[in-house]
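Thanks for making the time this morning.

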2 protein chains.
Amino acid sequence: MMTRARPYLLTRSVVPENQESPIWFLHRLRFVPERYVFRRNHFPYPLRLPDRLTVRGLVSFPLSLSLAELKAMPAKTITAVLECAGNQRAKFSPPPFGEQWEGGALSQGAWTGVPLREVLARAGVRPGAAEVVFVGADEGLRPDMDGVFSYVRSLPLAKALHPDTMIAYAYNGAPLSLQRGYPLRLIVPGWYGMASVKWLAHIIVTDHPFTGPFQSIDYMYYPHPDRDDGKRPVTTIRVNSLIQFPLDRSIHRRGPLKVEGIAWTGRGVITRVEVSLDGGRTWREAKVSRDDHEPYAWVHWQWEWNADRPGDYEILVRATDSAGRTQPPHPLWNRKGYGYHAISRVRVQIT
Amino acid sequence: MMTRARPYLLTRSVVPENQESPIWFLHRLRFVPERYVFRRNHFPYPLRLPDRLTVRGLVSFPLSLSLAELKAMPAKTITAVLECAGNQRAKFSPPPFGEQWEGGALSQGAWTGVPLREVLARAGVRPGAAEVVFVGADEGLRPDMDGVFSYVRSLPLAKALHPDTMIAYAYNGAPLSLQRGYPLRLIVPGWYGMASVKWLAHIIVTDHPFTGPFQSIDYMYYPHPDRDDGKRPVTTIRVNSLIQFPLDRSIHRRGPLKVEGIAWTGRGVITRVEVSLDGGRTWREAKVSRDDHEPYAWVHWQWEWNADRPGDYEILVRATDSAGRTQPPHPLWNRKGYGYHAISRVRVQIT
C-alpha cells in the first residue's frame with residue numbers, strides 16, 4: 001500500500017477556481033511544480049481559447065499571431081515569483097471581503113516566452129501611445145455590477161516595454177496548462193499577479209488610461225473603510241517573507257530547530273532576512289541562499305534556533321530589499337485587502 | 001482540455017499526514033467519498049499492518065482473528081459522522097497549539113463491520129472487567145515526552161458493549177484504505193474520532209482505567225490555561241453545525257441566496273436548526289432534511305434568504321438536538337482546543 005502522503009492545493013472556491021499553493025510544504029524548491037501552483041480566477045475557465053493573438057490600436061501594423069509564430073521569435077526564460085495581490089488577505093484585521101488567502105497565493109517557476117516589446121516593435125507603436133491593454137478570453141459576472149465582463153488589464157507603456165515583460169507560452173519547460181493560461185499569457189515580473197493576464201486574446205495600444213473594473217475598482221489600495229479617496233493602483237510586489245517551518249501553533253520537543261522559509265520582493269533583490277524571538281526588540285540575521293542571476297526569484301533563508309527551554313514563543317521574520325524596503329511591524333490595512341506584507345509571525349510551543 | 005475544477009484535501013501537515021476534508025464544497029452529500037475524508041494521524045503510517053486481531057486480558061477465551069474470520073461474522077453497516085475532537089481548533093481565541101483545523105476535520109460515510117460486543121461475547125468477558133483497551137499499529141514520537149508510543153485508547157465497558165460500537169473493515173462499501181485504518185479499525189459512533197482507533201491490532205479487556213498519554217494527557221478538556229484541575233475526558237460529539245454556503249467573507253450580488261449546510265450531534269438527533277441575521281436576537285427556523293433511520297448521520301439544512309439590501313451581514317446558525325443541547329454563543333475554551341461547537345458564523349457582503 002502507498003504510504004507516502006503529499007500536500008494538495010488548498011481550495012478557496014471551485015467556480016471560479018481559486019486554490020492556494022501548499023507553499024508551507026514546498027521546502028527549498030526553485031520551481032513550483034505545475035500541480036502545486038496557486039490558481040486564482042475571476043471567472044470560470046474560458047470555453048473558447050484564443051487561437052490567435054491580435055495586436056491593434058495605436059500601432060502602424062496590426063498583427064494577428066499564432067502560437068507557432070510567437071514560438072518562432074527569439075525566446076527568453078525568467079524565473080519569477082508570482083503572487084496574488086490578495087495573498088494573506090485573511091491576516092488583515094478585520095479581514096476584508098474576498099477570497100480568504102492565507103499565504104499560498106504565491107508560487108515560482110520558469111516562464112518562457114517572447115518579450116512583449118519585440119511584439120510591439122513589430123506592430124510599431126505610434127506616437128501618443130500611453131498604455132497597453134490586455135484582454136483575456138475569460139469572462140463572466142461580477143458580484144458588484146450588472147453585466148458580463150472580460151478580464152482586462154492595462155500596463156503603462158514604459159512597463160509594457162520593459163525587457164522582462166513577456167508573452168509566455170511555457171511554464172517550467174512545458175506548454176502552459178489551461179489553468180496557467182494556455183495558449184498564451186502575459187507575465188509581468190515584479191508586479192502582483194493581476195497584471196499577468198491569462199488566455200491572452202488581444203493587445204490594444206491606447207492613448208488614454210484604461211478604466212475597466214479590474215483596473216479602476218479592483219486592485220486599488222483603498223486606505224479608508226468607507227471612502228474612496230486616497231486610492232492608488234496595486235502594482236509592484238512588496239518586500240515579503242514566509243516562514244515555512246515551523247508551522248504556526250505547532251508543538252516541538254526541545255532541542256535544535258531549523259527555522260526556514262523564503263523571501264521575495266518586486267523591486268531589486270532581497271538583501272537581508274532577520275529573525276526575532278523577543279517581539280522585534282532584537283533581530284538576528286538568517287542565512288540567505290540566492291541564485292544571483294534570478295532577480296525576480298525568491299531566496300531561501302534559514303536560522304538555527306537552539307530551542308532548549310520549554311515555553312511558548314513567537315518567531316518574527318522580516319526581509320529587507322535593495323530598494324531599502326523592509327516588512328513593517330503592522331499590516332497596511334486597505335479595504336480590499338491587497339499587498340499584505342507585515343512581519344511574518346508563527347507561534348510555537350517548545351516542550 | 002479539462003476545465004472541471006475540483007476541491008482537494010486541505011493540508012495541515014504531511015508527516016504525520018493531517019489533512020482536512022474540503023467539507024465546504026461537498027453539498028448535500030450523504031457519503032463523503034474516500035478521497036475527501038479528512039486524515040488525522042499522530043504518527044507516520046504503520047510500516048507493518050496487523051495480519052490478525054488479538055483479543056486478550058480479562059477474557060475466558062483469548063482470540064486471534066483474521067480479517068476473513070471477522071468478515072464471516074454477521075455484519076452491520078452504520079452511516080456515521082466522524083469528527084476530530086480538535087475540529088475548528090483554529091477558531092478558539094487564542095487558538096491552542098496543535099493542528100489548526102478550521103472545520104474540515106469532519107466527514108461522514110457508511111462503515112461496515114462486526115459489532116465489537118459480538119467479538120467480546122466470543123472471547124467471554126470475565127467478571128471485574130471495567131475497560132476495553134484498543135491498540136493501533138501506528139507508533140512514533142510525541143512532542144511532549146521521551147520514548148516511542150503506540151496509539152492506544154480505551155472505552156468504558158458499557159460503551160464497548162454498545163451495539164453500534166464496531167470493528168469496521170469497509171468504508172462506503174469498499175475495503176478500508178490504508179488511510180482509513182486497513183485492515184480493521186474501531187468505529188465508535190457518536191464519539192469524537194480519537195476513540196475510533198485505526199490499524200487495530202490488539203484488544204485488551206482490563207479491570208482498571210487505562211492511563212496512556214492519548215487517554216490521560218491528550219483528549220482531555222483542560223478548562224484552565226496553566227493548571228490541570230477540572231480536566232475531564234473528551235467523549236461524545238457536541239451538537240454542532242457547519243455553514244457550507246455562503247463562504248465566509250464572500251461577496252454576493254443582491255437577490256435570493258440559499259444559505260445551507262449540515263448539522264450533527266453525538267447524542268440523540270438534530271431537532272432544530274436556526275438562522276439569525278441580527279447577531280442572535282431573533283432566530284428563524286431552517287428547513288431540515290434528514291434520513292430517519294440514520295441517528296449518527298448529519299442532517300442537511302437550508303434557509304432561503306432574500307438578500308435584497310446591500311450591506312455587510314453576519315449569518316449565525318445554531319443547531320439543537322433531542323438531548324436538549326444547543327450550540328452556545330461563545331466557544332468553551334480549553335487548553336488543548338477540543339470540542340469547539342459555538343454558534344456557526346460567516347460574514348458576507350451583499351452588493
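Let me begin with a question: in which loop of chain B does Q327(B) lie? Please keep in mind throughout that this is a predicted model. Q327(B) sits in the loop that runs between strand 23 (311–321) and strand 24 of chain B. Is Q327(B) buried or exposed? With a relative accessible area of 2%, Q327(B) is buried, and the cut-off for that word is under 20%.

What surrounds Q327(B) can be described in some detail. Leaving out residues up to four places away in sequence, Q327(B) touches a list of residues that includes V239(B), N240(B), S241(B), V317(B), H341(B) and S344(B). Two of these neighbours come up again when we look at polar atoms: the side chain of Q327(B) makes a polar contact with the side chain of S241(B) at 2.7 Å, and the side chain of Q327(B) also reaches the backbone oxygen of H341(B), at 3.3 Å.

In the pair R12(B) and E20(B), the side chains meet in a salt bridge with an N to O distance of 2.8 Å, and both R12(B) and E20(B) are buried.

The next pair is E99(B) with R40(B), whose side chains meet in a salt bridge at 3.3 Å, N to O. Because E99(B) lies in the loop between strand 6 (76–83) and strand 7 (106–115) of chain B, while R40(B) lies in strand 3 (residues 39–40) of chain B, this pair ties together parts that are 59 residues apart in sequence. As for accessibility, E99(B) counts as partly exposed at 21%, whereas R40(B), at 16%, is buried.

R142(B) is buried, with a relative accessible area of 6%, while D144(B), at 26%, is partly exposed. Over in chain A, salt bridges that share partners join R142(A), D144(A), D218(A) and K336(A) into one network.

That brings us to the two chains together. How is chain B related to chain A? A rotation of 180°, with 0.0 Å of shift along its axis, superposes chain B on chain A with an RMSD of 0.0 Å, which is the relation of a two-fold axis. In chain B, the C-alpha nearest that axis belongs to L10(B), which is 2.5 Å from it.

As for the interface itself, 47 residues of chain B are in contact with 47 residues of chain A. Since 100% of the interface residues of chain B are also interface residues in chain A, the copies meet through the same surface. Between them, the two chains bury about 3,700 Å², with 63% of that on carbon and sulfur atoms.

Polar atoms take part as well: 14 residue pairs are in polar contact across the interface. The elements of chain B that give two or more residues to the side touching chain A are strand 1 (10–13), strand 9 (145–156), strand 17 (250–252) and strand 24 (344–350), and strand 1 gives the most, with four residues. By class, that side of chain B has 22 nonpolar, 12 polar and 13 charged residues. Two salt bridges are found across the interface, and D146(B) and R253(A) meet in a salt bridge at 3.1 Å, N to O.

Notes: Residues are numbered from 1 along each chain as its sequence is written. Chains are lettered from A and ligands numbered from 1 in the order in which they are written. This is a predicted model: local features need pLDDT of at least 70, side-chain atom pairs count only at pLDDT 80 or more; totals for chains, interfaces and linings use all residues. Side-chain values use heavy atoms; hydrogens and water are left out. Copies are superposed by least squares on the C-alpha atoms of residues with pLDDT of at least 70 in both. Contact means heavy atoms within 4.5 Å. A salt bridge is a side-chain nitrogen of Lys or Arg within 4 Å of a carboxyl oxygen of Asp or Glu. Buried means under 20% relative accessible area, exposed over 50%, partly exposed in between (1.4 Å probe, protein chains only). Buried area is the accessible area (1.4 Å probe) that two parts lose on being put together, summed over both. A polar contact is a pair of N or O atoms within 3.5 Å; within protein, one must be able to donate a hydrogen and the other to accept it, and residues adjacent in sequence count only if both atoms are side-chain atoms. Ala, Val, Leu, Ile, Met, Phe, Trp, Tyr, Cys and Pro count as nonpolar, Asp, Glu, Lys and Arg as charged, and the others, Gly among them, as polar.
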